[in-house]
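We will go from stop to stop, selecting a few residues each time.

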Amino acid sequence: MTVANVHDIHYPDDVKWVYHDCFMLGDKGYLSADVQQNLFETAHIRAEVPYRLNRENRKRSSWAYRCFRKRIETVFSQLNDRFMMIRNYAKQTCGLFTRTAAKIGAMTVLQYVNFCNYRNIGYVKYALF
């Protein structure tokens, strides 16, 4: 994840010196073949990016990748909608970190409650019913 003031295309320049021999899930900002090839040649990082529907040499993503990507998008959406992650009135950095950690912790607890009750962990809205 990148910070808001850094453009997505600059993130691989930092990643390739820290990580190696791994798999990276990217957004459409990493669609360029040059960026993906540079990541692989420099650090053996394979970038998996969802291709656009109108691309001529588009390949269909694997089932596992689509499920994993959907889970990530769902969790971000739930953090934003249910826990109002974007609306944060912290005055200092430590307050921001504390509130963010509390919201992520609450999300994790609700997912764990669903897991213990043999329910789908994504249904955090009804976890305590």
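**Stop 1: a residue with several neighbours.** This is a predicted model. Start by selecting Gln-78. What does Gln-78 touch, leaving out residues up to four places away in sequence? The answer is Phe-83, Met-107, Gly-122 and Val-124. Show those four beside Gln-78. Gln-78 sits in helix H3, which spans residues 63-81. Is Gln-78 buried or exposed? Its relative accessible area is 13%, so Gln-78 counts as buried. Now zoom in on Gly-122. Its backbone oxygen is 2.6 Å from a polar atom of the Gln-78 side chain.

**Stop 2: a charged pair.** Stay on helix H3 and select Glu-73 and Arg-69. Their side chains form a salt bridge, with 3.6 Å from N to O. The structure holds 1 salt bridge. Why can such a pair form? Side chains of opposite charge can pair when their charged atoms come close. Next, look at the spacing along the helix. Glu-73 and Arg-69 are 4 residues apart in H3, which means about one helical turn separates them. An α-helix has 3.6 residues a turn, so residues three or four places apart point the same way. Arg-69 is buried, with a relative accessible area of 19%. Glu-73 is partly exposed, at 42%.

Stop 3: Select helix H2, residues 33-43. Colour its buried residues: Val-35, Gln-36, Leu-39 and Ala-43. Turn the view until you look down the axis of H2. The buried residues fall within an arc of 100°, so they line one face of the helix. What do they pack against? Their partners are helix H1 (11-18), strand E1 (22-25) and strand E2 (45-48). Now turn to the face away from the buried side. There you find the exposed residues Asp-34 and Glu-41. Finish at His-44, which follows H2. The phi of His-44 is positive, near 55°.

**Stop 4: a nonpolar patch.** Select Trp-17, Val-18 and Tyr-19. They form a nonpolar patch on the surface, with about 420 Å² of accessible area together. Trp-17 belongs to helix H1. Its relative accessible area is 67%, so Trp-17 counts as exposed. Tyr-19 lies in the loop between H1 and E1. At 48% relative accessibility, Tyr-19 is partly exposed. Before moving on, draw a distance from Trp-17 to Leu-39. These residues are 22 apart along the chain, and their C-alpha atoms are separated by 9.8 Å.

Stop 5: Select Tyr-126. Where is Tyr-126 placed? Look in the segment after helix H4 (93-116). Tyr-126 is partly exposed, with a relative accessible area of 48%. Tyr-126 and Leu-110 are 16 residues apart in sequence, and 8.9 Å apart from C-alpha to C-alpha.

**Stop 6: the whole protein.** Zoom out and switch to cartoon view. How many helices and strands are there? Count 4 helices and 2 strands. From the N terminus, the order is α-β-α-β-α-α. Of the 129 residues, 26% are buried. Now show the surface. The protein exposes about 10000 Å², and carbon and sulfur atoms supply 58% of that. Last, consider contacts with a separation of 6 or more: residues 24 or more positions apart account for 31% of them.

Terms used:
Residues are numbered from 1 along each chain as its sequence is written. This is a predicted model: local features need pLDDT of at least 70, side-chain atom pairs count only at pLDDT 80 or more; totals for chains, interfaces and linings use all residues. Side-chain values use heavy atoms; hydrogens and water are left out. Buried means under 20% relative accessible area, exposed over 50%, partly exposed in between (1.4 Å probe, protein chains only). A polar contact is a pair of N or O atoms within 3.5 Å; within protein, one must be able to donate a hydrogen and the other to accept it, and residues adjacent in sequence count only if both atoms are side-chain atoms. Contact means heavy atoms within 4.5 Å. The arc is that of the directions from the helix axis to the C-beta atoms. Patches are made of residues with over 30% relative accessible area and no salt bridge: like charges are joined within 9 Å, nonpolar side chains (Val, Leu, Ile, Met, Phe, Trp, Tyr) within 5 Å. Accessible areas come from the Shrake-Rupley method with a 1.4 Å probe; for residues, only the protein chains shown count as cover. A salt bridge is a side-chain nitrogen of Lys or Arg within 4 Å of a carboxyl oxygen of Asp or Glu.
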